[in-house]
Amino acid sequence: MLFRSKGYTAAGGETTITWSDMLDKTCLYVSRGGIDVQNIIISGSPIDEEVKWDSLTGVLTFSRVLGSGEYVRALFQ
C-alpha cells in the first residue's frame, strides 16, 4: 500500500483546498493547525469540525474558514 502525505499553509479565508493529484484516492487523515479532524465525510456538507473529501474533484472542504498561516496535513491512499 502506498500512502501519500500532503501539506498546505492557508493564506486565510479559504474553506477548500484542491489537490488534483489526489483524484480517486481515499482520504484517511486530516489535521488542521496540529489538531486531528475527527470526521472525514464523503457526501453532504461538513459541520462542526468535519471535513468533506471529494475524490472525483480532489477538493477538501472545511466546515469553517482557515486562518492565515494555518497548516493542514492530509494522508491519502
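Colleague: Happy to have it on screen. How many salt bridges does the count come to by your rule?

Modeller: The count comes to 4 salt bridges, where a salt bridge is a side-chain nitrogen of Lys or Arg within 4 Å of a carboxyl oxygen of Asp or Glu. Before we go on, this is a predicted model, so local features need pLDDT of at least 70 and side-chain atom pairs count only at pLDDT 80 or more, while totals for chains, interfaces and linings use all residues. Residues are numbered from 1 along each chain as its sequence is written, and side-chain values use heavy atoms, with hydrogens and water left out.

Colleague: What makes Glu 70 and Arg 32 a salt bridge?

Modeller: Their closest N and O atoms are 2.8 Å apart, and the rule asks for a Lys or Arg nitrogen within 4 Å of an Asp or Glu carboxyl oxygen, so the pair qualifies. Strands here are DSSP runs of E with at least two residues, numbered from the N terminus.

Colleague: Why is Arg 32 called buried?

Modeller: Its relative accessible area is 6%. Buried means under 20%, exposed over 50% and partly exposed in between, with a 1.4 Å probe and protein chains only, so the label follows. Glu 70 is buried too, at 16%.

Colleague: What else does the side chain of Glu 70 meet, for instance at the backbone nitrogen of Gly 67?

Modeller: A polar atom of the Glu 70 side chain lies 2.8 Å from that Gly 67 nitrogen. Leaving out residues up to four places away in sequence, Glu 70 also touches Tyr 8, Thr 9, Ala 10, Arg 32, Gly 33 and Val 65, a contact being heavy atoms within 4.5 Å.

Colleague: Which side chains meet Lys 6 in a salt bridge, Asp 21 among them?

Modeller: For Lys 6 and Asp 21, the N to O distance is 2.8 Å. Lys 6 sits in strand E1 and Asp 21 in the loop between E2 and E3, so the pair ties together parts 15 residues apart in sequence. Lys 6 is buried, at 14%, whereas Asp 21 counts as partly exposed, at 39%. Salt bridges that share partners join Arg 4, Lys 6 and Asp 21 into one network.

Colleague: How do you know that E1 and E8 pair?

Modeller: DSSP must find at least two bridges between two strands, and E1 (residues 4–9) and E8 have 6, in the antiparallel sense. Ser 5, for example, stands opposite Leu 75 in E8. E3 and E8 pair in the antiparallel sense as well, over 5 bridges, and Arg 32 has Val 72 as its bridge partner in E8.

Colleague: What makes a nonpolar core here?

Modeller: It is a set of buried Ala, Val, Leu, Ile, Met, Phe, Trp, Tyr and Cys residues joined through side-chain atoms within 4.5 Å. The largest has 15 residues, of which Trp 19, Val 30, Leu 60, Phe 62, Val 72 and Phe 76 touch the most other members. E8 gives the most to this core, with 3 residues.

Conventions
Helix = DSSP H or I, 4+ residues; strand = E, 2+ residues; numbered from the N terminus. Polar contact = N/O pair within 3.5 Å; in protein donor to acceptor, adjacent residues only side chain to side chain.
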